[in-house]
Amino acid sequence: MIDFTRFNTVIEMTDYFVTEEKCRQAIAEARWADGVVVCPYCGGVHCKMGKDGRYLCKDCRDKFSVTVGTMFANTKISLRKWFLAMYYVSSHKKGVSSCLIMRDCGVSQKTAWFMLHKIRGLYGQADDNSLSGTVEMDEMYLGGREINKHESKKTPNNQGRSTKTKTPIFGMIERGGNVVAMKVENTQGRTLMPIVSQFVESGATTYTDEANMYNKLGEIGYIHQFVNHSQREYVRPCDIHTNSIEGFWAHFKRVIFCTYHMVSKDYLQRYIDEQVYRWNTRKQSASQRFADMFKKAVKRFDYTDVLSLSSVVSIEHFREYRTMYYNLWKSTHCA
Ligand SMILES: [Zn+2]
């Protein structure tokens with residue numbers, strides 16, 4: 001099996017994946033680690049490769065390619081280009097823009113944008129990503145500055161800065177550990193407290209700024225300390241500060257301003273997920289991240305998952321559960 005962690009540079013990676021065949025081989029090895037090709041439609045193990053490079057299942061007589069059910073399914077873009085784009089995303093700490101992928105991979109900007117979003121789709125934050133110990137919390141607002149807006153688009157009654165038209169993002173970071181961040185409707189206590197309860201272990205120590213919405217942290221089972229930023233107080237004795245989460249925001253803002261320039265509200269969560277993933281894997285090398293990303297890209301629903309959900313369990317009805325399987329796969333890969 002290919003050891004992805006040995007690709008420490010782009011050159012080492014492109015030198016290895018010189019042909020499409022090599023890429024397909026890598027996907028096959030990652031999917032079927034024990035070398036037994038399993039039919040994605042019926043789970044049969046009697047599959048044979050045909051002359052066209054596709055497999056024929058002897059049980060259900062259906063044909064399938066190695067990419068079916070993976071992130072690369074039905075793609076018309078060469079796998080080498082996909083691998084290169086994935087390597088860029090995993091190795092560049094400030095992300096890569098679609099224009100860069102367009103030039104380096106020789107695809108249109110639209111295609112590059114689509115590729116990058118598919119790759120970002122691999123990152124969704126896990127719901128069970130729980131934080132404990134000392135957790136810092138803070139919110140930030142993303143959106144254009146009032147001073148740069150056209151008269152007709154300015155927010156009325158603002159004094160130079162306004163958060164009314166900006167999108168709030170809420171973040172929590174465990175000291176020396178992981179970060180969880182998400183786009184939120186608003187930054188009211190009743191919106192944020194359920195999120196805190198979901199991700200932060202009860203009894204943890206929480207540090208915030210002086211904002212009102214954090215007042216209830218003590219009531220819902222956390223030890224709460226704060227620093228008063230409006231009084232220019234940034235650190236209290238015993239390391240009470242929110243500098244770690246501020247550091248994450250600073251990095252996130254630089255990525256948005258310097259690499260992506262503009263992100264739409266609709267896709268903002270994906271950019272947040274990308275940066276959260278990067279932060280949480282900051283101790284890994286680019287090659288480790290590439291290996292992890294590849295594993296996620298070829299991960300697919302096992303046919304048994306579909307069978308267990310389906311009332312149709314006989315092989316004669318495989319087309320029905322194939323549709324079901326596609327829908328399941330779509331809901332995880334294309335959402
Ligand atoms: Zn089959």
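Lys 22 lies over the face of Tyr 16, 4.3 Å from the ring centre. Here a charge sits over a ring if NZ of Lys or CZ of Arg is within 6 Å of the ring centre and within 35 degrees of the ring normal. Another case is Arg 236, whose charged end sits over the ring of Phe 226, 5.1 Å from its centre.

A word on the source: this is a predicted model, in which local features need pLDDT of at least 70, side-chain atom pairs count only at pLDDT 80 or more, and totals for chains, interfaces and linings use all residues. Residues are numbered from 1 along each chain as its sequence is written, and side-chain values use heavy atoms, with hydrogens and water left out.

**Aromatic pairs**

Let's turn to the rings. A search of the whole structure finds 21 aromatic pairs. Rings of Phe, Tyr and Trp (its six-membered ring) pair if their centres lie within 6.5 Å; planes under 30 degrees apart count as stacked, over 60 as edge-to-face and the rest as tilted. Phe 72 and Phe 83 form a tilted pair, at 5.8 Å centre to centre with 50° between the planes. Phe 72 lies in the loop between strand E3 (63-64) and helix H3 (79-91) and Phe 83 in helix H3, so the pair ties together parts that are eleven residues apart in sequence. Helices (H or I, at least four residues) and strands (E, at least two) are DSSP runs, numbered from the N terminus.

In the pair of Trp 113 and Tyr 267, the ring centres are 5.2 Å apart and the planes at 85°, so this one is edge-to-face. It links distant parts of the chain: Trp 113 is in helix H5 (residues 109-120) and Tyr 267 in the loop between helix H7 (243-260) and helix H8 (268-280), 154 residues apart.

Phe 72 and Phe 83 also belong to one aromatic cluster, whose members include Phe 4, Phe 7, Tyr 16, Trp 82 and Phe 114.

The table gives the accessibility of several residues. Buried means under 20% relative accessible area, exposed over 50%, partly exposed in between (1.4 Å probe, protein chains only).

| Residue | Relative accessibility | Class |
|---|---|---|
| Phe 72 | 1% | buried |
| Phe 83 | 0% | buried |
| Trp 113 | 33% | partly exposed |
| Tyr 267 | 33% | partly exposed |
| His 117 | 4% | buried |
| Arg 61 | 58% | exposed |
| Asn 74 | 71% | exposed |

**Helices H3 and H5**

H3 and H5 pack at an angle of about 60°, with their axes 10 Å apart. Axes are lines fitted to C-alpha atoms, for helices over the stretch in contact, and angles run from 0 to 180 degrees between N-to-C directions. The contact (heavy atoms within 4.5 Å) is made by Lys 81, Trp 82, Ala 85, Met 86 and Val 89 of H3 and by Phe 114, Met 115, Leu 116, Lys 118 and Ile 119 of H5.

His 117 also lies in helix H5. Leaving aside its neighbours within four places in sequence, His 117 is in contact with Tyr 267, Arg 270 and Tyr 271.

**Positive phi in the loops**

Finally, a look at the backbone. Arg 61, in the loop between strand E2 (55-57) and E3, has phi near 60°, a positive value in a residue other than glycine. Asn 74, placed in the loop between E3 and H3, has a positive phi of about 60° although it is not a glycine.
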